[in-house]
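Please keep the sequence and the coordinates at hand while reading.

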Amino acid sequence: MLPRVSVIMPVLDEERHLAASVRMVLQQAYEGEIEVVLALGPSRDATDAVAAGLAEQDPRVRTVANPSGQTPDALNAAIGASSGDVIARVDAHAEIPRDYLSTAVGILDETGADNVGGIMDAKGATPLERAIACAMKSPLGVGGARFHTGGGAGESDTVYLGVFRRSALERVGGYDPHFARAQDWEMNHRIRATGGRVWFTPELVVTYRPRSSLRKLADQYFNYGRWRRVVARQHPGTANARYLAPPAMVLGTVAASALGLAWRPAWLVPAGYAAAVGAGGWLISGTEPAGVRARVPLAIATMHWSWGIGFLTSPASLADRAD
C-alpha cells in the first residue's frame, strides 16, 4: 500500500495564489491518500476566507493556526496536525506538476533517502521578473546549487521544499523555530548529521514566482545572507566557497574602490566586476527579449550585494536563543 501523504503549507498573505496551489495538490495523480494542512499566519488580505472555503469544499483540506506568522512555526504546526507517514512541504504560491507526489514517494522508496526534492524553476511574467528568473537559474547568480541550476540525481546538502519521511522529521525534532530564514538548509544539515540522506532529483520540478521588484529581491537576499551567517555560527565548517563568495566580493570591491582614490589602477577591480556581471548577464539570457536581457545584470548584482552585505552585517546576537 502507498503511504498516506500530508502536504503542509505555510500560508501568509496568499489570497491570489492559495486556491490554485491547493487545487494542484488535490489533483495529484497519486493513488494513495492525500491530506492538505494549511498553517495560517496573521494575513492582511482575504487569505483566511479563501482557506476556509477550501476546507469547506474538500474534507482533505484543513487549517491550523500560526499566530507568529513565522515560517518554521507554520511548518511545525502543520506537521503536528498531520497524520501521513510522508510529509511534503509545498509553498502556497508554488505550482507542482501532477506527478509530483507519486514521483517523490517512488524516489524515497528507491533511494532510502529521508528527504527528496528537485528543481526550483523560476518563471517570471514581467520583464524584471523574467530577468530575476534568469539570474536565479544561473551559476553566475546563485552559484552551483543543483536545485537552482539543475544537474544529475544524487545526495545533496539541501533541496527545494522537500518530501520527507515523518520518521526523519521526528528524529531531528522538526524545523528549528529560531531560524526565520535558512530553516530548510539548517534542518537538512541535522538530517544528514544524524545519518540520513537528502536526495536531489531533476525529475521533480516546481514552478517558483520571483519577486516583483529589485527592492523586494534585495530584501530577500539580504535576509538569506544574514541567516546563512547564523547557520555558519551554529554549525561551524558549513560555509563553503559558494556562500563566502558574495561577502568576499563586497569586501574586495569596496576596498579597491577606496584604494582607487589614491591609486587609480585599483579601480580595475570594481570595473572588472561590473563588466563581468554586465557581459555575463547578457550572455545567460540569450533567448530573452532585449528589455529582459538588459535587466539581468541588475538582478545579479542585487543578489550578490544583498547576500554579501547581509552575511557581513549579520549580528552575533541573531544567533542567540530565547531558551
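## Strand pairing around E1

E1 is joined to strand E4 (residues 86-89) by 4 bridges, and these strands run parallel; helices (H or I, at least four residues) and strands (E, at least two) are DSSP runs numbered from the N terminus, and two strands count as paired if DSSP finds at least two bridges between them. Ser6 stands opposite Ile87 in E4. This is a predicted model, in which local features need pLDDT of at least 70 and side-chain atom pairs count only at pLDDT 80 or more, while totals for chains, interfaces and linings use all residues. Residues are numbered from 1 along each chain as its sequence is written, and side-chain values use heavy atoms, with hydrogens and water left out.

E1 also pairs with strand E2 (residues 34-40), in the parallel sense and over 7 bridges, and the bridge partner of Val5 in E2 is Ile34. The chain crosses from E1 through H1 to E2, and this β-α-β crossover is right-handed, a term that applies if, with the strands pointing away from the viewer, the path from the first strand over the helix to the second runs clockwise.

## The sheet as a whole

An open sheet is formed by 8 strands in the order E3-E2-E1-E4-E7-E5-E8-E6, with mixed pairing. Its edge strands are strand E3 (61-65) and strand E6 (154-155), each of which pairs on one side only.

## Buried elements

In E1, 7 of its 7 residues are buried, where buried means under 20% relative accessible area, exposed over 50%, and partly exposed in between (1.4 Å probe, protein chains only). In a regular strand the side chains alternate between the two faces of the sheet. Val5, Val7, Met9 and Val11 point one way from E1, whereas Ser6, Ile8 and Pro10 point the other way.

Helix H9 (residues 183-193) is largely enclosed by the rest of the structure, because 9 of its 11 residues are buried; among them are Asp184, Glu186, His189 and Arg190, as well as Trp185 and Met187. Ser306, which lies in helix H14 (residues 296-313), is likewise buried, with a relative accessible area of 10%. A polar atom of the side chain of Ser306 lies 2.7 Å from the backbone oxygen of Thr302.

## Positive phi angles

Most residues other than glycine have a negative phi. Asp13 has a positive phi of about 55° although it is not a glycine; Asp13 is placed in the loop between strand E1 (5-11) and helix H1 (18-26), and is partly exposed, with a relative accessible area of 26%.

Ala182, in the loop between helix H8 (166-172) and H9, has a phi near 65°, again a positive value in a residue other than glycine. Just after H9, Gly195 takes a positive phi of about 95°.

## A nonpolar surface patch

Which residues make the nonpolar surface patch of about 370 Å²? The patch is made by Leu140, Trp282, Leu283 and Ile284; patches consist of residues with over 30% relative accessible area and no salt bridge, with like charges joined within 9 Å and nonpolar side chains (Val, Leu, Ile, Met, Phe, Trp, Tyr) within 5 Å. Accessible areas come from the Shrake-Rupley method with a 1.4 Å probe, and for residues only the protein chains shown count as cover, while a salt bridge is a side-chain nitrogen of Lys or Arg within 4 Å of a carboxyl oxygen of Asp or Glu.

Helix H12 (residues 268-284) gives the most to this patch, with 3 residues. Leu283 is located in helix H12, and counts as exposed at 65% relative accessibility.

Technical notes
Polar contact = N/O pair within 3.5 Å; in protein donor to acceptor, adjacent residues only side chain to side chain.
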